[in-house]
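Good morning, and thank you for the time.

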Amino acid sequence: GRLASGPMAVTLGSFWELFTCVDGRLGPFVEHTFAVRIPGLGLLVAGFLVLLMGYFAANVVGRRTLEYFDRVLYRIPMFGNMYSAVKQLLNAFSPNNQVAFKEFVVVHHRDKGQYCFGFLTGELTLRRLTGEDEPLVAVYIPTNHLYLGDILLARREDILLTHLSVPQGIQIVLSGGISIPQVLRQKLPHPERRD
């Protein structure tokens with residue numbers, strides 16, 4: 001009984017917190033503007049504003065306005081670097097993004113005998129002082145939250161590709177590992193990739 005009602009209670013509790021937070025902040029404004037206090041009207045106004053902003057961003061004038069402010073924010077010293085990093089990270093988790101996270105992988109730490117989950121983000125070449133090139137892959141490893149993590153540079157032979165999609169990987173990370181399948185199958189690398 002408790003296991004079945006736990007997720008429902010957490011969901012309802014989260015919704016109630018969101019409702020009281022948004023309605024508590026916008027409720028007084030709505031009450032002052034329209035001289036009426038109706039519980040939930042602040043949340044309704046917030047939803048309407050989000051829809052209005054979405055409509056504004058979808059049309060040509062709105063898109064150009066947002067692009068202009070985007071360029072302005074990029075030019076602000078120090079803030080622009082932080083804004084760029086945060087924007088890239090948030091875009092990485094967007095369902096429309098096809099390039100940020102390429103694969104959900106398992107990283108093998110051979111010296112520790114441990115494995116960890118990560119998201120393959122890119123490939124690079126490390127050019128040593130001797131002139132020797134070493135191909136590496138960049139893996140984003142979430143730590144205590146999906147948006148916080150470490151970037152690991154590893155050899156390709158220490159990366160195991162899985163049959164899990166990036167959204168499935170995100171679900172595993174967000175569930176704290178609870179939604180890991182009982183059998184995790186390794187996928188063969190793509191032919192164009194080097195091992």
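I shall begin with the basis of the values and then turn to the fold, the cores, one glutamate and a surface patch.

The model is predicted, so local features need pLDDT of at least 70 and side-chain atom pairs count only at pLDDT 80 or more, whereas totals for chains, interfaces and linings use all residues. Residues are numbered from 1 along each chain as its sequence is written, and side-chain values use heavy atoms, with hydrogens and water left out.

The protein has five helices and five strands; these are DSSP runs numbered from the N terminus, helices being H or I of at least four residues and strands E of at least two. From the N terminus on, the order is α-α-α-α-β-β-β-β-β-α. Of the 195 residues, 24% count as buried; buried means under 20% relative accessible area, exposed over 50%, and partly exposed in between, with a 1.4 Å probe and protein chains only. Among contacts (heavy atoms within 4.5 Å) with a separation of 6 or more, 37% join residues 24 or more positions apart.

Let me turn to the cores. A nonpolar core is a set of buried Ala, Val, Leu, Ile, Met, Phe, Trp, Tyr and Cys residues joined through side-chain atoms within 4.5 Å. The largest has nine residues: V105, V107, L120, V137, V139, I141, A154, I159 and L161. Strands β1 (103–109), β3 (133–145) and β5 (159–161) each give two or more residues to this core, and β3 gives the most, with three. Leaving aside residues up to four places away in sequence, I159 touches V105, V106, V107, V137, V139 and A154. A second, separate core of eight residues includes F101, L164, I170 and I172.

Which side chains make polar contacts with the side chain of E134? This residue lies in strand β3 and counts as buried because its relative accessibility is 15%. Its side chain makes a polar contact (a pair of N or O atoms within 3.5 Å; within protein, one must be able to donate a hydrogen and the other to accept it, and residues adjacent in sequence count only if both atoms are side-chain atoms) with the side chain of R128 at 2.4 Å. Another, of 3.1 Å, joins the side chains of E134 and R155.

Y68, F69, V72, I76 and F79 form a nonpolar patch on the surface; patches hold residues with over 30% relative accessible area and no salt bridge, like charges being joined within 9 Å and nonpolar side chains (Val, Leu, Ile, Met, Phe, Trp, Tyr) within 5 Å. A salt bridge is a side-chain nitrogen of Lys or Arg within 4 Å of a carboxyl oxygen of Asp or Glu. V72 is found in helix α3.

Terms used. Accessible areas come from the Shrake-Rupley method with a 1.4 Å probe; for residues, only the protein chains shown count as cover.
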